[in-house]
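Please read them with the structure open.

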Amino acid sequence: MLKIQTLSSGSAGNITYVGNTTTGILVDVGLPLSLTLKLMAQANIDPHSITGLVITHEHSDHIKGVADFVTQFNVPIYCHQRFVQILRRSLKLPPHHFIATESNFIINDINVNCFTVPHDSLFCLGYTFQCGDATVGIATDIGQMTDIILNNLAACQIVVLESNHDIQKLMANPKYPDWLKRRILGNRGHLSNLECGRTIAKLYQANVSQVILAHLSEKNNTPTLAYQTVKQYLLTQGIVEGKDIFIDVALQSQIGNYYCLE
Ligand SMILES: [Zn+2]
Ligand SMILES: [Zn+2]
């Protein structure tokens, strides 16, 4: 059995819970500890039930609350051995907080698998989590979709996938300088709504039945725009949202819906 729930998602901070009755994992703690604990309480997740943390990358919207959380609750950070030093420096934490892993590792009864994601950070990882017949996956901060990401997410029933921006809205945003637009649109930036839709059409051909759109830009996207763009693209491919596949949108300031796979 596996549960997945986004607690906060977007450019201002990201936290996702994955777990079951015996194991609790937080993917990123990108908000201050006090706010993290408030969101966990709203979601009925006891912080003492958290067995381990995994981190996607070292940008502050993914690690802001990590050091305080692991210090207060004495929870280890499971980190690919190649990235332990980077993460240690970013978090300013002593080595005993880290468990160095291979690409595949186990946290209690959950098999965790990490894979590389192209992004303008020192490292960036996506994750899949498997327990029994249930598999869920997370990939955000994606400069461009790759076969590695697609192949890993194709094994999941539920996927949290970046739908960062609407390209037209971003291009027309007078508050964003050209260099920042180029960064976001570049192949180490973020995934647009349209690219997200294209990816979901491919994932539909695999096993994926539920996608949660995530890491939406507050300035260059809206939940409705992300949902409609993805839905319309899927329709052009003959895929009907709500029938063939289900799409949900994770929000920044509100805990997400709770999904449970038996
Ligand atoms: Zn990032
Ligand atoms: Zn991010």
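The points below take the zinc site, then the salt bridges.

1. Ground rules. This is a predicted model: local features need pLDDT of at least 70, side-chain atom pairs count only at pLDDT 80 or more, and totals for chains, interfaces and linings use all residues. Residues are numbered from 1 along each chain as its sequence is written, chains are lettered from A and ligands numbered from 1 in the order written, and side-chain values use heavy atoms, with hydrogens and water left out.

2. Zinc donors. The zinc ion (ligand 2) is coordinated by D61 (OD), H62 (NE2), D141 (OD) and H215 (NE2), at 2.1 to 2.2 Å. Donors here are N, O and S atoms within 2.8 Å of the metal (3.2 Å for Na, K and Ca); water is not among the atoms, so sites may look incomplete. Along the sequence, the donor residues follow the spacing D-H-x78-D-x73-H.

3. Geometry. The angles among the 4 donor atoms run from 91 to 167 degrees, and the site is irregular. Four donors count as tetrahedral if all angles lie between 85 and 135 degrees; four count as square planar and six as octahedral if opposite donors are over 155 degrees apart and all others between 65 and 115; anything else is irregular.

4. The zinc ion (ligand 1) lies 3.4 Å from the zinc ion (ligand 2). D141 coordinates both.

5. D61 is buried at 11% relative accessibility. H62 is buried too, at 0%. The cut-offs: buried is under 20% relative accessible area, exposed over 50%, partly exposed in between (1.4 Å probe, protein chains only).

6. Salt bridges. How many does the whole structure hold? The search finds 3. The criterion is a side-chain nitrogen of Lys or Arg within 4 Å of a carboxyl oxygen of Asp or Glu.

7. R183 and D120. This salt bridge has an N to O distance of 2.4 Å. The pair links distant parts of the chain, 63 residues apart: R183 sits in helix α7 (residues 178-185), D120 in the loop between β8 (110-116) and β9 (125-131). Helices (H or I, at least four residues) and strands (E, at least two) are DSSP runs, numbered from the N terminus. R183 is partly exposed at 29%, as is D120 at 27%.

8. E195 and R198. Their closest N and O atoms are 2.5 Å apart. Both belong to helix α8 (residues 193-205); they are 3 residues apart, so about one helical turn separates them.

9. K243 and D244. This salt bridge has its closest N and O atoms 3.7 Å apart. K243 is exposed at 62%, whereas D244 is partly exposed at 22%.
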